[in-house]
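Hi everyone, thanks for coming. Today I'd like to talk through charged side chains and how they pair up. Let me put the structure on the screen.

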Amino acid sequence: MNLPETLSRKYAALLDSLKGLRRVIVAFSGGVDSTFLLYAALEALGKDNVLAVTADSRTYARRELRETEELARTYSFRHRIITTDELSTINDKGNTRQRCYYCKRELFSRLKGIAAEEGYDHVAEGSNADDKNDFRPGFKAVRELSVRSPLLEAGMRKDEIRLVSRELGLPTFNKPPVACFTSRFPYNVTIGEEDLFMIEEAEDYLHDRGFALCRVRHYGKKARIEVDRAMVPMALSLENEIRARLTGLGYTSVEIDPEGYRTGSMNENDGQEPA
């Protein structure tokens, strides 16, 4: 690979670290980080010693699940899909600022159980070095359950992961960030199945219109749309069409956020609707 020397060393160190895990389950969402981690684990350990596990949950987009299946077919790795119910867990806990912790706790507990039953030595997940600077309650679950974070441990940043992914020919190297649908909701509200349906249909429509990076923030019957900042002018030019489509899904108010997408925007105003 044609990589800067420092990044080549990081990748080599990552492979050495993964070899020490012997047999590993990788929490596989199909995003940039987990796909890269899975590829590296397969390179370090071989297909017989790696199992990719994907959660099938209403809090995740159907298209993301289909993409994990397509990647499994393309690269012929061992892939298992399990059903999880993060939605009930979040609602039972009151949908607090710690909701990510409860989701990750449920998922990683399931993966640890599979590991114990089937003789895997570790469970690994795809957090990277940049994630330390974000609000990530899920890290608590990672620590409590002794889940490994090889990319973070290797000090690999998101831009470095994208660069190496491109050199490896991974189709996810330029994939926009992905997050579960619960991140579209304010805290302390009950999340219903119908709400999730509205968000998924709305975001699928926006994807089909060319907005690869988009979020439909859900405030009851009000939708606040975030797209990549470079795409905000395009969204505004299609505002009437977008409003008509989302109104048809049940929203009574549709706004396009002029600031565009930004990580953790639902943490602004303590997760409440902006004025």
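**Salt bridges in the model**

Let's begin with D204, which counts as partly exposed at 21% relative accessibility. Keep in mind that we are looking at a predicted model. D204 makes a salt bridge with R63, and the N to O distance there is 2.4 Å. Where do D204 and R63 sit? D204 belongs to helix α9 (residues 193–208) and R63 to helix α3 (residues 62–75), so this pair ties together parts that are 141 residues apart in sequence.

R63 has another partner as well: its side chain meets that of E64 in a salt bridge, at 4.0 Å from N to O. Are R63 and E64 buried or exposed? R63 is buried, with 14% relative accessible area, and E64 is buried too, at 11%. The cut-off for buried is under 20%, so D204, at 21%, falls in the partly exposed class.

Now over to helix α1, residues 5–19. Here R9 forms a salt bridge with E5, with the closest N and O atoms 2.9 Å apart. R9 and E5 are four residues apart in this helix, which means about one helical turn separates them. As for accessibility, R9 is partly exposed at 48%, while E5 is exposed at 59%.

And how many salt bridges are there by this rule? The count comes to 28.

How values were computed:
Residues are numbered from 1 along each chain as its sequence is written. This is a predicted model: local features need pLDDT of at least 70, side-chain atom pairs count only at pLDDT 80 or more; totals for chains, interfaces and linings use all residues. Side-chain values use heavy atoms; hydrogens and water are left out. Helices (H or I, at least four residues) and strands (E, at least two) are DSSP runs, numbered from the N terminus. Buried means under 20% relative accessible area, exposed over 50%, partly exposed in between (1.4 Å probe, protein chains only).
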